[in-house]
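Thanks for coming. I will go through one model this morning, residue by residue in places, and then step back to the whole chain.

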Amino acid sequence: MRLLVFPFGYDCEPVIRHAGLLEPRYQITALVSPGGWGLSGKHRILGNSEVILPVYESVSEVTEEFDSLYIPAFEVIDEEVENRLANEIVELIPQLSEVICAARFSDINYKKIKEACFQKGLSCKFTDFSEHKNLEAYGLMKTTEKYPFLKPLDIPVVIVAGWWEKTDKFEVSLSLRERFLQEGYRVSQIGSRDGCEMFGFHSFPGFMLRKDVDAVDKIICFNRWMNEMAREEQPDLFLITIPGATQNYNDQFTRGFGILHHQVFQAVIPDALVMCTFYMPGTAQNLEEVSASFQYKFGAEVDAFHMSNLMIDINDSEERGRIVTNSIYRESVSEAVERGFADSPIPVFNGWEAEHCDKLFDVLLQKLTPKSVQAVL
């Protein structure tokens with residue numbers, strides 16, 4: 001499948017950087033980013049290859065061949081923008097053999113795109129990675145035991161969590177997956193995004209996000225699902241990335257209050273925990289306080305931090321009624337980490353840097369040694 005990625009935005013960068021992890025049937029051949037998103041006219045290197053893809057502003061500019069469309073998850077506040085993107089996708093469909101959707105459209109636009117794939121005379125397959133599936137789709141049923149219990153796991157578990165959204169959880173998790181696989185480990189993985197199946201692992205289960213599933217059922221079923229995964233896939237370790245934020249930012253920006261994280265940590269206790277944060281060029285004491293807070297709330301200490309290149313603009317956020325961030329150069333993050341956190345008792349890394357990721361991988365291996373994850377080598 002020769003994939004056109006549209007709309008390509010910064011949230012999709014990890015998919016391009018780690019394209020080598022994609023299932024063999026997927027080949028990314030073209031990138032299109034809408035005007036105003038800050039990417040058109042630039043270039044991106046495809047995975048570890050020497051392939052350099054230009055980022056076009058319009059599909060009409062694309063010179064590379066493609067026969068399928070990948071719609072990645074994207075965030076658009078303006079309804080008009082989403083409508084325009086949906087219309088452009090519908091116009092493309094007669095040229096396509098398959099549409100792979102990992103984006104959450106409004107009901108109207110979702111229906112418009114899906115129905116366009118099945119118009120008379122067209123043979124365009126529609127693959128939906130965005131749907132929230134029920135328990136039965138995972139071979140699970142609601143808890144029927146009078147006193148439901150958790151089944152222990154004898155396989156080491158690494159969790160990647162984020163203090164807030166857009167703190168590079170997906171990038172960090174793919175970097176770690178790459179390194180574990182390179183070292184010969186069998187990895188069972190649960191990702192924080194829809195469409196992780198394209199990488200050969202599981203998206204975060206839809207039943208955990210459904211409002212019609214009881215909280216206890218979510219915890220028990222997540223635990224049972226992981227046990228079933230362990231039986232079927234026989235992994236050397238689990239790598240789990242949890243969507244969303246670990247806590248509310250303040251009374252105005254609550255973002256789920258960390259309830260999803262609480263449920264996951266009730267279902268499984270991690271053997272190693274990586275926390276992704278905003279840019280916090282302060283002191284190591286600040287991050288130690290974050291770790292202590294995490295331990296009190298979820299029962300797990302942070303073993304390593306990844307520091308993103310985004311900072312919250314609290315004044316602009318309060319004015320707009322949503323979290324607004326400003327970005328800095330990633331090189332500046334590395335400098336801040338090496339300058340301000342060299343002696344931190346909890347190591348801090350910039351996961352976008354290969355050298356930092358190698359060090360993070362080594363930290364996790366040392367942490368997992370008691371569970372004998374190194375014995376496979």
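Thr127 counts as buried because its relative accessibility is 16%; buried means under 20% relative accessible area, exposed over 50%, and partly exposed in between, with a 1.4 Å probe and protein chains only. Thr127 sits in strand 7, residues 125-128. Helices (H or I, at least four residues) and strands (E, at least two) are DSSP runs, numbered from the N terminus. Leaving aside neighbours within four places in sequence, Thr127 is in contact with Glu98, Val99, Ile100 and Cys101, where contact means heavy atoms within 4.5 Å.

Some housekeeping. This is a predicted model, in which local features need pLDDT of at least 70 and side-chain atom pairs count only at pLDDT 80 or more, while totals for chains, interfaces and linings use all residues. Residues are numbered from 1 along each chain as its sequence is written, and side-chain values use heavy atoms, with hydrogens and water left out.

Next, Lys297. Is Lys297 buried or partly exposed? Lys297 has 38% relative accessibility, so it counts as partly exposed. Lys297 belongs to helix 7, residues 284-298. Not counting residues up to four places away in sequence, Lys297 touches Thr246, Gln247 and His262. Thr246 is 51 residues from Lys297 in sequence, yet the C-alpha to C-alpha distance is 9.6 Å.

Now helix 4. Of its 14 residues, 12 are buried, so helix 4 is largely enclosed by the rest of the structure. The buried ones include Phe170, Glu171, Arg177 and Phe180. What span should helix 4 have at 1.5 Å a residue? Its 14 residues should span 20 Å, and the end C-alpha atoms are 20 Å apart, which agrees; the expected span is 1.5 Å times one less than the number of residues. After helix 4 comes Gly184, with a positive phi near 90°.

Of its 18 lining residues, Arg17, His18, Gly47, Asn48 and Trp352 are the closest to the centre. Helix 1, strand 3, helix 4 and helix 10 each give two or more residues to the lining. By class, that lining has five nonpolar, six polar and seven charged residues. Ala, Val, Leu, Ile, Met, Phe, Trp, Tyr, Cys and Pro count as nonpolar, Asp, Glu, Lys and Arg as charged, and the others, Gly among them, as polar.

How many cavities of 30 Å³ or more does a search of the whole structure find? The search finds one. The largest cavity has a volume of about 90 Å³, and its lining includes Asp11, Tyr70, Phe170 and Arg193. That lining divides into eight nonpolar, one polar and three charged residues.

For the terms: on a 1 Å grid over the protein atoms alone, a cavity is a set of points where a 1.4 Å probe fits but cannot get out, a pocket is an open set with protein on both sides within 12 Å along at least five of seven lines, and lining residues have an atom within 4 Å of a point. Grid points are joined across faces, edges and corners, and a volume is the space filled by probe spheres set on the points.

Finally, the whole chain. The protein has 10 helices and 16 strands. Of its 377 residues, 52% are buried.
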